[in-house]
Amino acid sequence: MLAGEPYVADDPEIVADLDRAARLAERFNRSPADDPQGRLAALRDLLGSVGEDAQVRPPLYCDYGWQTHLGDRSFVNFNAVLLDVARITIGADVQIGPNVQLLTATHPVEAEARRAKWEAAQPITIGDNVWLGGGVIVLAGVTVGENTVVGAGAVVTRDLPPNVVAVGNPARVIRTLQ
């Protein structure tokens, strides 16, 4: 799994990691709003790294947690889904709108392999100072370049360069930023 190779997810070690993340995500999602230090501690226990002054609004959903790395001063709004079967790297000063999905998991196109429960994953990288509007979906293997803005509801199926605005399904560049 970690090498990006196909795997079957019923391995006991994988299941234990999933269970750990579910417990920690539940702790974070139920953390009281008037206990920001407790909420931050729960988030730090869940994710691989949390940068200085980063904020995440619950609820947050993830597969493993430890595969996700959140940069300094980044903000993740309500209902983020981080399927971190592969590494998710979110840079510094990133703004992530509500209901955004970062989906590293992939499944075979061939029916037999899918039926046999094979899956794989590819990493996602979100560069510094990116803004992902509400409802954006970023698919496996994608890198979004620094300073890029992705409009609400876009589905990012391939890499986006730095300093652009992209919208649509699939997301396409409509403007270059200075």
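**Pocket lining and parallel sheet**

Modeller: Phe28, Ala33, Pro36, Gln37, Arg39, Leu40, Leu43, Ala54, Gln55, Val56, Arg57 and Phe75 line the largest pocket, a pocket being an open set of points on a 1 Å grid over the protein atoms alone where a 1.4 Å probe fits, with protein on both sides within 12 Å along at least five of seven lines, and lining residues having an atom within 4 Å of a point. This is a predicted model, in which local features need pLDDT of at least 70 and side-chain atom pairs count only at pLDDT 80 or more, while totals for chains, interfaces and linings use all residues. Residues are numbered from 1 along each chain as its sequence is written, and side-chain values use heavy atoms, with hydrogens and water left out.

Colleague: Which element supplies the largest share of the lining of the largest pocket?

Modeller: Helices (H or I, at least four residues) and strands (E, at least two) are DSSP runs numbered from the N terminus. On that basis α2 (36–46) and β3 (55–56) each supply at least two residues of the lining. The largest share, five residues, comes from α2.

Colleague: Is Thr68 buried or exposed?

Modeller: Thr68 is found in strand β5 (residues 68–70), and, leaving aside residues up to four places away in sequence, it touches Leu47, Gly48, Ser49, Leu82, Asp84 and Ile88, contact meaning heavy atoms within 4.5 Å. Buried means under 20% relative accessible area, exposed over 50% and partly exposed in between (1.4 Å probe, protein chains only). Because its relative accessibility is 1%, Thr68 counts as buried.

Colleague: Which residue's backbone oxygen does the side chain of Ser74 reach at 2.6 Å?

Modeller: Ser74 lies in the loop between β5 and β6 (75–76), and at 1% relative accessibility it counts as buried. Its contacts, not counting residues up to four places away in sequence, include Asp53, Ile90 and Gly91. The backbone oxygen that its side chain reaches at 2.6 Å is that of Gly91.

Colleague: Which strands stand at the edges of the sheet?

Modeller: Five strands form an open sheet in the order β2-β5-β8-β13-β16, with parallel pairing, where two strands pair if DSSP finds at least two bridges between them. Each edge strand has a single partner strand, so one side of each is left without a neighbour in the sheet; these are β2 (49–50) and β16 (143–144).

Colleague: Which residue in β8 is the bridge partner of Leu70?

Modeller: Strand β8 (residues 88–90) runs parallel to β5, and three bridges join the two. In β8, the bridge partner of Leu70 is Ile90.

Terms used:
A polar contact is a pair of N or O atoms within 3.5 Å; within protein, one must be able to donate a hydrogen and the other to accept it, and residues adjacent in sequence count only if both atoms are side-chain atoms.
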